[in-house]
Amino acid sequence: MKGLLVLTALFVAVFGKVTFEGDQVLRITAKDAEQISLLKELPEQTLGLDFWMEPVHESLPVDVHVPFHSLQAVRAFLAYNQIQYNIMIENVQDLLDDEEREMVKSRAFPRSTDDFVYTTYHDLNSIYSFIDMLVAENSMVSKIVIGQSYESRPLNVLKFSTGANRPGLWIDTGIHSREWVTQASGIWFAKKIVTDYGRDPVLTDILNKYDIFLEIVTNPDGYAYTHSRDRMWRKTRKPNPGSSCVGVDPNRNWDAGFGGGGSSSNPCTETYRGPSAHSEPEVKAIVDFVKSHGNLKAFVSIHSYSQMLLYPYGYKSTPAKDQAELHALASKAISELQSLYNTSYRYGSIITTIYQASGGTIDWTYDQGIKYSYTFELRDTGRYGFILPANQIIPTAEETWLALMAIMEHTKNNPY
Amino acid sequence: MATGDLVPTHFPARRAAQVALHHLNTHHGSPFRVFGLQRVHTATAEDQVVGTAGRKYSLDFSVTDYGSSGSVLRCSAEVLFPRTETHTHTPPEVHLRCEDLTHISSSPEELAFYQKHTAPHSAISAHDLPDSQGNISQDMQPFWHLARVAASFIMLRESSENTEYNMAQVANLTQQETSEKQLMLKYHVLLHDIVSQEIIHWKLLCSWSPEGGVSVRETEWLPKCPHDTGPPTAH
């Protein structure tokens with residue numbers, strides 16, 4: 001009885017509320033019949049308690065949803081009566097928010113790219129569906145399958161084209177599978193291109209002279225693995241003979257300073273270069289595409305994280321022939337990027353700015369004669385790192401697009 | 001490695017600043033205060049031969065508190081990476097000064113958090129902070145910040161001129177019972193080294209109180225695969 005008096009004294013009126021913010025669910029373990037009685041005597045209605053498992057017998061747990069305003073009172077009551085409990089749900093609203101998010105995601109499959117949810121991360125099947133929908137909706141978009149991954153997944157490239165025999169501009173995202181904001185940005189770029197063609201004069205002019213090629217999931221095996229088994233997976237999924245370790249770093253597998261410092265010969269490491277240059281089908285497919293196209297004028301490979309815009313070389317400290325121009329263009333691209341959300345990027349050659357890396361993509365494309373070869377490292381700088389919150393996908397994509405437009409526009413205005 | 005004036009945006013200055021940052025977090029971090037590197041303003045390096053031999057970096061940089069206040073602090077530091085004859089790794093030495101860094105008594109938030117979670121029957125446990133999509137609930141953020149601070153002890157100790165550490169994720173955390181007036185937590189954290197690109201798993205036991213700050217009691221490196229020979233600095 002005394003317990004109840006204490007409780008009433010501490011009681012705070014519960015007003016109608018819209019959220020469950022701060023509410024908790026407690027699992028109470030009564031030790032004897034007396035404690036069960038005490039629990040049964042709690043003024044449920046006045047406190048706004050909702051028993052998920054009613055007090056019945058001391059051998060059974062008692063689960064109760066306690067509104068935030070009653071928490072202090074209830075916990076004081078339990079402590080006073082020495083009734084054991086633990087917190088099953090710290091904050092009911094969080095659980096509801098999670099559920100809401102899941103529901104949004106699993107709603108009826110998007111029927112068009114206008115329906116598609118750009119503010120969340122998607123699995124591989126959803127991205128492939130997006131690609132097919134985009135192609136179906138837009139006559140200027142086609143899908144080219146440039147090869148197959150090790151696990152036989154299609155390597156899909158979107159081609160944006162308004163006429164035949166044009167020079168091309170290449171963008172790839174997701175070559176390192178754990179860098180999820182890049183694939184998510186790639187999806188957004190694809191939609192942006194079709195939306196802005198005919199509306200934005202600069203992009204329209206670019207597309208009237210150049211084709212844009214966009215490979216959104218450059219490493220699909222790795223991407224599937226980040227969903228099913230290991231969120232932090234970076235490499236391809238090809239087994240390495242004689243080793244229990246799987247995968248090759250696709251950004252150390254290119255024939256540019258292959259085997260040099262800044263890549264590893266150990267299959268168990270994240271920067272393992274592979275048995276030979278272009279040994280990975282994901283890399284070979286792009287190599288074959290670039291060579292057979294023969295007329296790409298810009299090549300941008302997108303990674304995360306660190307907030308950087310980088311140009312060749314990574315494998316050697318000799319400056320690129322076009323260093324001055326590449327540096328000046330990077331500076332322009334970065335200030336365009338920053339103009340949107342004040343995100344600051346660093347820029348420079350790979351080897352001076354981030355580290356020595358041999359066998360990298362843009363060193364190879366540059367040495368093939370594609371002058372405007374760049375690598376991005378998108379948000380952030382380490383706070384979230386690879387697991388960037390989904391609410392940053394669109395801001396990241398938007399600001400990065402401004403930098404990409406600067407690069408593409410400069411390429412168009414400086415034909416070579 | 002270069003000596004003399006360094007380009008502040010390039011990696012040698014940046015790695016040294018990150019080490020100073022880890023040092024700052026070990027001393028001043030809390031569930032509601034965690035610093036991130038904002039910008040390096042100037043940096044120089046020189047070879048030190050008197051006393052501890054090694055390369056010494058002098059840095060002027062800014063950090064942001066993303067634990068709660070978002071405030072920006074200006075700091076200067078000397079970071080010495082000792083050069084050893086043997087193959088064993090010696091942790092860097094840091095001397096650091098930041099303006100406006102106050103050792104004030106803890107914020108109301110910290111006290112409320114401390115009281116809530118050192119109350120009897122508090123038994124917090126969680127996994128995957130943030131989750132794959134980068135989500136983390138408001139309630140769990142202080143635990144995430146604490147992990148970052150505790151991990152800073154390890155990251156500081158393991159750092160060299162050839163590493164650049166961040167904490168990638170908290171795999172799990174479990175509150176430990178204790179008779180001490182501390183919040184006692186066991187963590188499994190994933191560290192990311194930008195240079196090697198490796199994800200390194202560590203278990204740690206840490207304690208925190210508003211007056212005492214964070215202290216790390218035990219650490220244990222977890223090999224990735226059976227034939228893993230050690231964290232990057234050990235090579």
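Visitor: How much space lies in the largest cavity?

Guide: Rolling a probe the size of a water molecule over the atoms shows where empty space is left. In this predicted model, the largest cavity holds about 240 Å³ of space. A search of the whole structure finds six cavities of 30 Å³ or more.

Visitor: Which residues are the closest to the centre of the largest cavity?

Guide: The lining comprises 25 residues, and the closest to the centre are N251(A), R252(A), Y355(A), T375(A) and E377(A). By class, the lining divides into nine nonpolar, 11 polar and five charged residues.

Visitor: Which elements give two or more residues to that lining?

Guide: They are β9 (296-304), α13 (361-367) and β12 (372-378) of chain A. Of these, α13(A) gives the most, with three residues.

Visitor: What lines the second largest cavity?

Guide: This cavity has a volume of about 50 Å³. From chain A, its lining takes S306(A), M308(A), R346(A), T353(A) and I354(A); from chain B, it takes F11(B), R14(B), E164(B) and I194(B). Four of the lining residues are nonpolar, two are polar and three are charged.

Visitor: Let us turn to sheets. In what order do the four strands of the open sheet in chain A lie, and is their pairing parallel or antiparallel?

Guide: Strands of a sheet pair through backbone hydrogen bonds, either parallel or antiparallel. Here the order is β2-β3-β1-β4 in chain A, with antiparallel pairing. The edges are formed by β2 (50-53) and β4 (84-89) of chain A, each of which pairs on one side only. From one strand to the next, the twist averages 30 degrees.

Visitor: How many bridges join β1 to β4 in chain A?

Guide: Five bridges join β1(A), residues 24-29, to β4(A). Within this pairing, V25(A) stands opposite I89(A) of β4(A).

Visitor: Which helix packs on the sheet?

Guide: Helix α4 of chain A, residues 68-80, does so, touching β1, β3 (62-66) and β4 of chain A. The direction of α4(A) makes about 15 degrees with that of β1(A).

Visitor: Finally, how many disulfides does the structure hold?

Guide: There are two over all chains. One of them joins C245(A) and C268(A), whose sulfur atoms are 2.0 Å apart. This link is right-handed, with 90 degrees about the S-S bond.

Visitor: Where in the chain do C245(A) and C268(A) lie?

Guide: Both C245(A) and C268(A) are in the loop between α9 (220-228) and α10 (281-293) of chain A, 23 residues apart.

Methods:
Residues are numbered from 1 along each chain as its sequence is written. Chains are lettered from A and ligands numbered from 1 in the order in which they are written. This is a predicted model: local features need pLDDT of at least 70, side-chain atom pairs count only at pLDDT 80 or more; totals for chains, interfaces and linings use all residues. Side-chain values use heavy atoms; hydrogens and water are left out. Two strands pair if DSSP finds at least two bridges between them. Axes are lines fitted to C-alpha atoms, for helices over the stretch in contact, and angles run from 0 to 180 degrees between N-to-C directions. Contact means heavy atoms within 4.5 Å. On a 1 Å grid over the protein atoms alone, a cavity is a set of points where a 1.4 Å probe fits but cannot get out, and a pocket is an open set with protein on both sides within 12 Å along at least five of seven lines; lining residues have an atom within 4 Å of a point. Grid points are joined across faces, edges and corners, and a volume is the space filled by probe spheres set on the points. Ala, Val, Leu, Ile, Met, Phe, Trp, Tyr, Cys and Pro count as nonpolar, Asp, Glu, Lys and Arg as charged, and the others, Gly among them, as polar. A disulfide is a pair of cysteine sulfur atoms within 2.5 Å.
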